[in-house]
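Subject: Structure handover

Hello,

Here is the structure I said I would pass on. My notes on what was found in it follow below.

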Amino acid sequence: MTKYPQLPGQAVVLGSGLIGGLLFYLLHLPVPWLLGPMIAVFIGARLFRRFRPSWPSSVKNIGIMIVGYSIGLSLTISTLSLIGKQLPSMITLTVLLLLFCGGLAYVLSRWTGIPFQTMLIASIPGGLSQIVVLAEEQEGIDITIVTFLQVSRLMMIVIVVPLLVFSPLFATEVSALTEPLTRSVGSWNQLFPSILPFLVLCPVAAIVGKRINFPTAYLLLPMSVTFVLQLVGLHAPALPLSVLDVAQLLIGSSVGLMLHPEQLQHKLRIVLLALGSSLVLMLFACGTTLILMKWHDLSAATALLSMAPGGMDQMGIIAHEVNADVATVSCYQLFRTLLIFLVVPPLVRAVLGRWQQKTEHG
């Protein structure tokens, strides 16, 4: 028996992720080191099951912290004051999204026969780990369906959004309607010693935040620390492109490993449900994108990434890739994340409680 039984499975994930990222890079596909590993690891985990593919959560968290630091670089007083003027649109469009998700969950529940409690939690566009924890706290929730629908939607969004953003329709507008932030890419010889305070404080803040159950601690707290340290006068150096690519590899590999269709009952029906609901949600996001573009005269790329119901880290990565307004995208995604994590759980518990009472009374 090997001393490190998980090493072969981790090697499968790492090898698959590297092959997928390199293949996507050579084919000049969008966001290669995020999409390539995600798809390749999903396939590799099916082909090499006997090695029990695994991926440490600590490795994924390192990638998320790197993205958090990178997003924090774009947050300044001037950008935040500009975003403050968009608070009404943030509130309005986020509430519309949540109401739409609730209505979609009800319709899909009636259509598929899956309990409304399960469909409601599966339809909320929040962080996967927090949504799964919320599902575990409720009675009568099918965790397998919730996880599959959440992960499949995340994968579809991360695949479809870059294709839309990189399409000629969106690419021609990126520089026309807004002044995008030029993707800041640094060099290794410019990192030290300026990076040292961030290298210490960002992980410490993330770890402490995780222990006190701060939402999305590995992303939000490094981002906040970076913003505050810049505010007090410390220089935050831009990261080399290779570091950002590694972060994408770590996150993409983790997402690719989360999907387990073999654990589902009625696989075809659930897969079609996942694809259909994700498509409907993306169409709704495109509708809110048009509203946001008219409301604030934003580019299509910036507006779409702000409205896309994907992960904040993935949308931040794509925003970097297309030179969209990273600050605007991050603030919209951050606002929705905080609203979902702080306000939605008690609302969901209240709704599910009333629904259960209604069911018990016939």
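S109 counts as buried, because its relative accessibility is 11% and the cut-off for buried is under 20%. S109 sits in helix 5. Leaving aside residues up to four places away in sequence, S109 touches I114, P115, F116 and M119.

Before the rest, please keep in mind that this is a predicted model. The protein chain has a mean pLDDT of 79, with 81% of its residues at 70 or more. Among the elements of the chain, the highest mean pLDDT, 92, belongs to helix 10 (residues 196–211), and the lowest, 59, to helix 9 (residues 168–171). Across residues 172–183 the pLDDT is below 50, and in the model that stretch has 30 contacts beyond near neighbours in sequence.

Aromatic pairs

A search of the whole structure gives 4 aromatic pairs. I describe two here.

Y69 and F198 make an edge-to-face pair, with 5.6 Å from centre to centre and 70° between the planes. Since Y69 is in helix 3 (residues 57–73) and F198 is in helix 10, the pair ties together parts that lie 129 residues apart in sequence. Are these two residues buried or exposed? Both Y69 and F198 are buried.

F100 and F284 make a stacked pair, at 4.1 Å centre to centre and 10° between the planes. This pair also links distant parts of the chain, with F100 in helix 5 (residues 87–112) and F284 in helix 13 (residues 267–296), 184 residues apart. F100 is partly exposed, because its relative accessible area of 25% falls between the cut-offs of 20% and 50%. F284 is partly exposed as well, at 22%.

Nonpolar cores

In soluble globular proteins, nonpolar side chains tend to be buried together. In this model the largest nonpolar core has 86 residues, and the members that touch the most others are Y69, L149, V161, L239, L305 and M315. Y69 is thus on that list and also in the edge-to-face pair with F198. Which helix gives the most to this core? Helix 8 (residues 143–165) does, with 11 residues. Another core lies apart from the largest one; it has 6 residues, including V13, A45, W55 and L250.

Backbone points

Most residues other than glycine have a negative phi, and most peptide bonds are trans.

- F192 and P193 are joined by a cis peptide bond, with omega about 0°. P193 is in the loop between helix 9 and helix 10.
- R52 is not a glycine, yet its phi is positive, near 50°. R52 lies in the loop between helix 2 (32–47) and helix 3. R52 is exposed, because its relative accessible area is 69% and the cut-off for exposed is over 50%.
- D297, also not a glycine, has a positive phi of about 55°. D297 lies in the loop between helix 13 and helix 14 (300–307).

Regards

Note on methods:
Residues are numbered from 1 along each chain as its sequence is written. This is a predicted model: local features need pLDDT of at least 70, side-chain atom pairs count only at pLDDT 80 or more; totals for chains, interfaces and linings use all residues. Side-chain values use heavy atoms; hydrogens and water are left out. pLDDT is the predictor's confidence in each residue, from 0 to 100. Helices (H or I, at least four residues) and strands (E, at least two) are DSSP runs, numbered from the N terminus. Contact means heavy atoms within 4.5 Å. Rings of Phe, Tyr and Trp (its six-membered ring) pair if their centres lie within 6.5 Å; planes under 30 degrees apart count as stacked, over 60 as edge-to-face and the rest as tilted. Buried means under 20% relative accessible area, exposed over 50%, partly exposed in between (1.4 Å probe, protein chains only). A nonpolar core is a set of buried Ala, Val, Leu, Ile, Met, Phe, Trp, Tyr and Cys residues joined through side-chain atoms within 4.5 Å.
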